[in-house]
Amino acid sequence: MAFEFYEDPQQPNQYLFYEKYIDGAALTEHLGTQYTKDFFASFAPLLVGNGIADADVNIYSMHAPGSPLSQVYSVQKGGVELLNQLFQETPQLSITLTSSQGLFAANNQNQTPGIGINLLFTTENSGNQPVEYGVFQVDDSNNSIKGLLPNQPGYLEAVRERAVPLFNTHVNQGSALPNPSRNLPVQTTHGYAIYQVTGGSLKDSNAIVNLSFQDPQFVMQPNGQGLSFQFSNGLGGSVALNGPIQNFQDTISQPQRRGFNIFDTSTITDRQIKTDVQVVKDSELIHQIGFYPVKDEQGTVLDPVTNTLVKPGDPNYANVALSQATNFQFNTGTLTPGQVTNLDDFVINSGNLYAPVVTTIADTSTTYFAYKEANPDQSTRIISLGTNSFGIEDGRIGATDNDFNDVMFSLNFTFAEPPYPIV
């Protein structure tokens, strides 16, 4: 058995509590135990209406592996105690965003450390090249990281190790795709800085990195209940509080905020996921875009013939990866450049990490992966444009303009079928 706890983002202070069981017998056992009765007895007074009977309770059948109840009771009991404590302390947990000298922080009125909260970052404008944004935590008011100060050798490498990439901006904001955004979990009392890289990535060895606390013209100011920010080049965005719970899209996009252009359904067991795609094409070339399963965030694939793991950069990587491509594929040949096209009802199996791959069809066909080590010219051809959104550079080898807007597409995930109630 396992349980999960969510806040409904559409209805503040509405909470959803999910429990998953091995089978019906385990559910029956659980509902009859004393600790379940004790839980409802202590939890109900915390709810509006002062009683569990005032809530809607649904029990769904979900085929998921589990453990005997005796093995998880202590974990569940600890979770319930923490849940009760959080509810009781809610008046003191009201969190606000503050900024000072190029840093921002989320804090409650009591300066309680370690409270988790999500922040929604969104871009507001763009230049003539993609701009990568990300954040990183600093250790003190001197902006040090593990004892290194900003002017000391090795500091930028320390930033690279700690930074969380957020997204790249669109080059053409007139594309009608949503502005790039990403939800990011942070903790209270920690100070965070923003970095900006134009026309490249923080991970590039020659990247020109602009740090918020080093930019003399960086501005961060209140914007409603959030903050807006702008670097000296006039480019920036906003950050807003976004509740304590991540949604379905955020869960699937978690590897993307670690710099990997893939999506993750590995924590979802034995389900089919429906995927709708918004596509904007800005190129006359034809593209075949698809997805294939990978074993880890670094793009490793399993060769079914030799039963060995193959990494990007291996001469056989393309053959192995493409041999396992899913039916989730689409072609841009019939799409009109500049228009948003909606492609609906692709279905993928959960339980995997998936990486995108694109074949550009011109005089010859060339296939590019999300991992530059696997590409013919060792160049980056796919970048993140926010949560489950990607941009593609299709220029011929040696003739790229690196605007990554030749094809831009955004994925929206839902369950193909809702869970069926058994009670």
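Buried means under 20% relative accessible area, exposed over 50%, and partly exposed in between (1.4 Å probe, protein chains only). The model is predicted: local features need pLDDT of at least 70 and side-chain atom pairs count only at pLDDT 80 or more, while totals for chains, interfaces and linings use all residues. Residues are numbered from 1 along each chain as its sequence is written, and side-chain values use heavy atoms, with hydrogens and water left out.

**Figure 1. Overview of the protein chain.** The chain holds 6 helices and 27 strands; helices (H or I, at least four residues) and strands (E, at least two) are DSSP runs, numbered from the N terminus. Of its 423 residues, 44% are buried. The accessible surface comes to about 21,100 Å², and 49% of it belongs to carbon and sulfur atoms; areas come from the Shrake-Rupley method with a 1.4 Å probe, and for residues only the protein chains shown count as cover. Among contacts (heavy atoms within 4.5 Å) with a separation of 6 or more, 67% are between residues 24 or more positions apart.

**Figure 2. The aromatic pair of Y133 and F231.** The structure holds 22 aromatic pairs. Rings of Phe, Tyr and Trp (its six-membered ring) pair if their centres lie within 6.5 Å; planes under 30 degrees apart count as stacked, over 60 as edge-to-face and the rest as tilted. The pair of Y133 and F231 is tilted, at 6.2 Å centre to centre and 40° between the planes. Y133 lies in strand β7 (residues 131-138) and F231 in the loop between β13 (226-230) and β14 (236-241), so the pair ties together parts that are 98 residues apart in sequence. Y133 counts as buried, at 1% relative accessibility. F231 counts as buried too, at 1% relative accessibility.

Figure 3. F328 sits in the loop between α6 (317-323) and β20 (329-331), and F346 in strand β21 (residues 340-349), so the pair ties together parts 18 residues apart in sequence. Both F328 and F346 are buried.

**Figure 4. The largest nonpolar core, around Y292.** A nonpolar core is a set of buried Ala, Val, Leu, Ile, Met, Phe, Trp, Tyr and Cys residues joined through side-chain atoms within 4.5 Å. The largest has 40 residues, and Y292, Y317 and F409 have the most contacts inside it. Elements that give two or more residues to this core include β16 (272-281), β17 (286-294), β25 (389-392) and β26 (407-415). The most comes from β22, with 5 residues. Leaving aside neighbours within four places in sequence, Y292 is in contact with residues including V301, Y317, A321, L353, Y354, V357 and F369. Another core, of 24 residues, lies apart from the largest one; I117, L166, F231 and V239 are among its members.

**Figure 5. R381 between a ring and a carboxyl group.** R381 lies over the face of Y368, 4.0 Å from the ring centre; a charge sits over a ring if NZ of Lys or CZ of Arg is within 6 Å of the ring centre and within 35 degrees of the ring normal. The side chain of R381 also meets that of D377 in a salt bridge (2.9 Å, N to O), where a salt bridge is a side-chain nitrogen of Lys or Arg within 4 Å of a carboxyl oxygen of Asp or Glu. R381 is buried, with a relative accessible area of 1%, whereas D377 counts as partly exposed at 23%. Elsewhere, salt bridges that share partners join K274, D276 and D345 into one network.

Figure 6. In one of them, the closest N and O atoms of E157 and R160 are 3.6 Å apart. Both residues lie in helix α4 (residues 155-162), 3 residues apart, about one turn of the helix. E157 is partly exposed at 41% relative accessible area, and R160 is partly exposed at 21%. The side chains of E297 and R258 meet in a salt bridge at 2.3 Å, N to O. E297 lies in the loop between β17 and β18 (301-303) and R258 in the loop between α5 (248-252) and β15 (263-264), so the pair ties together parts 39 residues apart in sequence.
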